[in-house]
Structures are given as structure tokens and as C-alpha cells.
Amino acid sequence: MNLHLNHTRKDSAATGTSEVVATVLELLEEGHLQPAQFARLQIHLDWLQYKQNFREAVTVMHRGGEHDADTSPMEIRVDSRQVAPGVLRNLLQEAMSHGGPESEAAGRIYLEDSRSFRTSIAWEFNRLYWQRLKDWERATGKSYEQALPGGQSDGRQVEAISDSVGDFWTLLKDLERQNQLPQELFVLEIGVGMGARAGLWLDRFCALDQERGTNYYPRVRFLLGDYSLATLEYSRPAVKKHIDICSFIALDALDPIKTLSFLRHKILHVHSTNMYDNLPDEEVVWRDNRIFWIQVRAYLPAADAARISKACDVPVTDIPKMVNRLLEIGIEALPDRAKGMTFWMEVWHALRTEERLVDAVDMPDASFPAGLSSAHMEDILRNAPGDLRFHLSSGALESFRNTLPLLHPRGYLQVQDIFVTDLNEYCMGFHGPGKLDGSIVNWVNGALLREVAERAGYDLHFAPFRYRPGSKTSVLYTTRRE
Ligand SMILES: C[S@@+](CC[C@H](N)C(=O)[O-])C[C@H]1O[C@@H](n2cnc3c(N)ncnc32)[C@H](O)[C@@H]1O
């Protein structure tokens, strides 16, 4: 048996390696596990840092595509944090007895077919959350920022904003000195949320411009971009003092150039905070010098489905249909709004994903995000650890590539987010997906972003976010290579 320890927590409350080993040996001794099964058993011990997530405490990673079920590894993943004391044995035994898809046996209610997580229904819930944010906040009595570590977005850190404004002002001054300052000074923020950062940034810029007597402020055109009309509306009050120089633009962060093509090579500064970690993502495994895709299938566990059915007066068999309706029109999908809200929250909390591993050779149509070929990936992974599960951050890579053409030759993109900047970090902790209230959070694969940027002719570097002690945020900064 292979045991993979995928975290570095010494937490005494968490289920540890010795408990797992002792339990497996017990099951072997008692004949619940056959020697042939033991020989091909792979147990991954994770510690999921997000209390709300898409995993059950013990899960089997199924094999998809062409493979020999008798010889391929039996991969079981244990979330040390979720396994309550005394239940490991039962959960492991159950998982081992399944080996194959446990679905019908477990009475799961499926909400989709197997697919890349990137196209999972989970992302439609994420979108619904941003579109109907007020419904959710009203129901919980909390703003979305209260769910963040530290209780507020790093986008509000005044000192960070002041430094960012200072950098922008310096760029303008430099351009002016060289007689290259454009008449209109375009700034774009994507994923504005409540617009708090945009408001603070403009306050600070206006003050600095006055202090230094440069008169740049009236030339600024500040674009607030988001795919949620609701957040664009909520962000208005935050920038009301600057409303004459602001525009509110509905755009998909995956393809900003599509909406803003008239600003190609014109934007001097693009900023995002906590938005890349909220873009569709998928995972792959690098094993035996081969790539495997992880496919997921969203479902509701039987017990949760029964509970939701009772609480919301929706027959269990109608739940998938009602979920689709909810995602289309919101909580009005149910005749009673309060029940509609309960349905949304309960389904979201209960939502889990089954996983299967498919050899890339069995998925010839699956492709890496634009900017990355298979050969390129193999090159990047040549020195990576032997058995590595990691995020492709496809949405973030796509967004990045489709934002660069907007930048003025001297312009820069700044992204404040949670990044994995070294692939080894994937062996040492869980990096999503997690649930934050009604939204999804995934750490962003900064190592891949850097590769894509370099190949596109941009310099990219990460700086620690030094404005909040203990913050896990880093700041990505990219400019066109000279
Ligand atoms: C976690 S919030 C961050 C908000 C704000 N920047 C902050 O730090 O508080 C993510 C924001 O990104 C927006 N967003 C998510 N996916 C998007 C997409 N594909 N296109 C545009 N905006 C998106 C959401 O609507 C939301 O406003």
C-alpha cells in the first residue's frame, strides 16, 4: 500500500497516518481487504482547509476510460479534518467495498454527467451567488466579506491602495516627462464586488493629484467591470464622489478584450482582487510521467436529498429539475420565496463531487488552456514531484491572456490573490476548491501563469502582500517585456 501525506499539519484533532495504517492492517487481518487489493491500494491523506467543500470524509477516486480494473491502483482519499473519531474504519471499509462507482448503491442524486470541474454545475451556483448576492446576504445576515479570512477583503487595505496609487501616479509623471501621456487615462478594475477598493483608490488618487498639483484626475476614466449586474449596481454608491469619471461595464473576466476591444493597448492599469480565485478551474494529476485528467460529477448525498425534499416540499426525484430552475431564475423557482432560499442554501451546502481519473490518452479532445500545449506542460513538469495533483487555473489563465492586449505598452496588470507560486506546494496542502458562503474559492496556479506570461512576452512577478499580518495574499504584477 502507498500512503501519501498531502499536508503538513500536526493538528492532534486530525486523523493521522498511524490511525489510517492501523485501520487498514486491521481490515486486512480480518479479511475485509484482500491481499491483491492491499497491494494496489493508494491512500491520500488530505487536510481540507475549507470547512465547506465538495468532498465527503472518505472518497474513492474512480478510474475512467480504458483501464484494467484488476491492476490499476485503488485510490482512496481521506480528509483528516472531516473524519470524526471512531468512524474511519466504517468509512474505509465502505469505500473499499465499492471500488467501482458507488452511486446507485448510495442513492446519490446526480446533478450532471462526469466532466471537467471547469464546466461543472458548481460554477453556475457561483454565478447565481454573485447575481443574487442580496438574497443570500439577507438570509445569512452577513455580508460576503465577513466570510473572508480576516473578515474583510484585502482590497480595502488603505496602505496597499496608497502604494498602488503612488505607483500609478509615478507612471503618469514619467509618461508626461517623455511627452507620451495619453489624453484619457484609462484604469480598469475587474470583479469589483461592492466597489470598496475602487472608491478608496479614487479618493486617494484625487487627493494625491491635488497635493502634487498635476491635474491628472479629470483625465482619468475609471472602468468598473463585473459579470454581475447586481454587484455593478451595488458598487455605485462606493464611487459616488467620482461618478463623472466612472463607467460600469458588464463583462466576463474570461474575455475582457471581447467587450473592450475599442480600448486595445490603451489601458494604463488593470487591477483585480480576489477574482482570479473565483474563476472556473480544473485539476490534473501528473503520475508516472503521464497526465491524467480529473473529472467530477456533482451530486447530493441521499440523506441530504431526503432532508431538502422534506424542508422544501420538492419530491426527491424532482430535485435535479428544480436545481436547474433555481439556476435559471433564482429563488422564485419555488412558489414560496423563503423555501426557495432554503432550497438554494441547503442544496449548495450539501453539494459534493464524485471524482474519476482519466488517462489523457483516453481524452484526445481535452486540451490545456490556450498558451499551454501538452509538450509545454511536460516540459514544466519535468522536475515536478512524481505524483502531483494540481490546478490548471484555466479560467485565470484565460482571463490573463485576454486582458494583456488591453494594456498600453507601458501599462501594467496587478492581481491581488492567493497564488501557488511553486508546484511543490501542491504536495503540502489543499488549495481548493472550497466554498465561501455561496461562492467558490480556488488557489491560483501562479507557476503556470508565470510560464504563460513569459511565452507571451511579459515579465511577471509576485510580491508578498505585506499590509495585513498573516495574509496569504500575494500581488502579481506584470508588464510587457522591454
Ligand atoms: C470574491 S469577489 C471579490 C470582490 C472584490 N474585488 C473584493 O475583493 O471584495 C469576486 C468578484 O468577481 C466577480 N466575478 C466572478 N467571476 C467573474 C467573471 N467571470 N467575470 C466578471 N466578474 C466576475 C464577482 O461578481 C465578484 O464581484
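Q: What makes the pairing of the backbone oxygen of D459 with the side chain of T478 a polar contact?
A: A polar atom of the T478 side chain lies 2.6 Å from the backbone oxygen of D459, and a polar contact is a pair of N or O atoms within 3.5 Å, one able to donate a hydrogen and the other to accept it (residues adjacent in sequence count only through side-chain atoms). The model is predicted, with local features needing pLDDT of at least 70 and side-chain atom pairs 80 or more, while totals for chains, interfaces and linings use all residues. Numbering runs from 1 along each chain, and side-chain values use heavy atoms, without hydrogens or water.

Q: Which residues have the most contacts inside the largest nonpolar core?
A: They are Y276, M377, L381, F390, F400 and L449, in a core of 59 residues; such a core joins buried Ala, Val, Leu, Ile, Met, Phe, Trp, Tyr and Cys through side-chain atoms within 4.5 Å. Helix α16 (residues 446–455) gives this core its largest share, five residues. Beyond four places in sequence, Y276 touches F400, L413 and L449, among others. Another core, of 39 residues, lies apart from this one and includes L111, F125, W136 and V314.

Definitions and conventions. Buried < 20%, exposed > 50% of the residue type's maximum accessible area, 1.4 Å probe, protein only. Helix = DSSP H or I, 4+ residues; strand = E, 2+ residues; numbered from the N terminus. Contact = heavy atoms within 4.5 Å.
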